[in-house]
Amino acid sequence: MERGLILLVAAALMAYVAPGVQGTSHLSFSNNTEVNITRDGCGVTKLCVETPNDCDPSATNGTCLFGSATASTPMPPAGTNLIMELRGFSEGYVALGLTTDQSQGSTMLFVCAQNSSNNGSFFFRTMQRNNTNGALTPLERTVREIRGMVNVMVNGSVIKCEFEIPNANASRAVKDASTNFQVLLGTGPVVGGMIGDFRIALNTTLLTLTNPASTNVATTATPVAMTTNSASNGAHPHVLFLLSVLSLAVMLRT
C-alpha cells in the first residue's frame with residue numbers, strides 16, 4: 001500500500017512539472033559536468049569571437065562575452081557537427097546565434113541561462129529569433145553533450161556552457177554542406193522561467209566555421225526595439241512563425 005502511494009505521488013509530481021519542461025526532449029546533457037573555456041586554440045583549432053576584443057573567458061569575473069566553434073569536416077547533405085563554447089556575464093542568460101543573414105530570415109539561438117528561483121541553477125534552451133522584428137519562439141533543434149555552470153555574483157552571474165550541434169548546414173542546396181554563418185552574441189533576461197528579449201552585443205560578417213582563422217569583422221549591434229510577441233507587429237503570429245521555420249529549415253538540418 002505504501003509503495004503504491006509513493007508511486008501515485010511521484011506520478012502526480014511528474015504530471016505537475018511536465019508543462020514546464022515540455023519540448024526539451026531534443027536536448028541531451030553530458031555526464032561530464034566540468035566546463036573549462038579558455039582562449040587556447042583560438043585561430044588554430046577553433047574559431048573564436050568575443051567582446052571586448054581578446055577578452056579572457058577563463059576569468060572568474062568580468063564582462064567578457066565569448067563564443068567559439070570547433071567544426072568537423074562537412075559531410076553533405078547531413079552537414080557539419082559543431083562543438084560550441086559560450087561564456088558571458090548576465091542576470092538572466094547568455095546566447096549564441098547562427099544565421100546566414102542577420103537582417104532577414106531567422107537565427108538559431110542557443111541559450112545558456114540561470115534559474116534565479118532555483119539558486120541560480122543552469123538550464124539550456126534553443127530558440128528561433130525572427131531577424132526582422134526580434135521575436136523569439138521556442139524551437140526543437142537537436143543539441144547534444146550539453147554542460148554548463150553558473151557562478152552567481154553580486155550584480156549578475158558568470159554563465160559558461162559547452163554543447164554540440166549536429167548536422168549544421170548553411171547551404172540552400174541539398175547536395176552541399178556549408179558552414180558559412182554570421183555569429184551573434186548577446187544576453188537577455190529570464191522572467192518567470194521564460195526567455196526574454198535577446199540583446200545583441202556583437203555580430204559578425206559571414207564566417208567559415210570550419211576555418212579557425214576565418215576573418216572576423218565583428219561589429220557591435222545598434223540597439224533596436226524587440227518584442228517576444230510577434231502579433232504586436234501587425235502580422236498574424238502563425239504566419240510569421242511558419243515563415244521563420246521555412247527559412248531556418250534550409251539553414252540548419254537536424
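The largest nonpolar core in this predicted model has 30 residues. A nonpolar core here is a set of buried Ala, Val, Leu, Ile, Met, Phe, Trp, Tyr and Cys residues joined through side-chain atoms within 4.5 Å. As for burial, buried means under 20% relative accessible area, exposed over 50%, and partly exposed anything in between, using a 1.4 Å probe and protein chains only. The residues with the most contacts inside this core are Leu98, Phe110, Cys112, Phe124, Phe163, Ile165 and Leu209.

E10 gives the largest share, 5 residues. Strands (E, at least two residues) and helices (H or I, at least four) are DSSP runs, numbered from the N terminus.

Take Phe110 as a way in. Setting aside neighbours within four places in sequence, Phe110 is in contact (heavy atoms within 4.5 Å) with Leu86, Val94, Ala95, Leu96, Leu98, Phe124, Arg125, Thr126, Val143, Phe163 and Ile165.

Now for the disulfides. Counting a disulfide as a pair of cysteine sulfur atoms within 2.5 Å, the total comes to 3.

| Disulfide | S to S distance |
|---|---|
| Cys42 and Cys48 | 2.1 Å |
| Cys55 and Cys64 | 2.0 Å |
| Cys112 and Cys161 | 1.9 Å |

With bonded cysteines counted along the chain, the pattern is 1-2, 3-4, 5-6.

The Cys42 and Cys48 link is left-handed, at -90° about the S-S bond. Cys42 counts as partly exposed because its relative accessibility is 21%, while Cys48, at 12%, counts as buried. The Cys55 and Cys64 link is right-handed, with 60° about the S-S bond, and both of these cysteines are buried.

That leaves Cys112 and Cys161. Their S-S torsion is about 80°, so this disulfide is right-handed. The pair links distant parts of the chain, with Cys112 in strand E6 and Cys161 in strand E10, 49 residues apart. Cys112 and Cys161 are both buried.

A few ground rules: residues are numbered from 1 along each chain as its sequence is written, and side-chain values use heavy atoms, with hydrogens and water left out. Since the model is predicted, local features need pLDDT of at least 70 and side-chain atom pairs count only at pLDDT 80 or more, whereas totals for chains, interfaces and linings use all residues.
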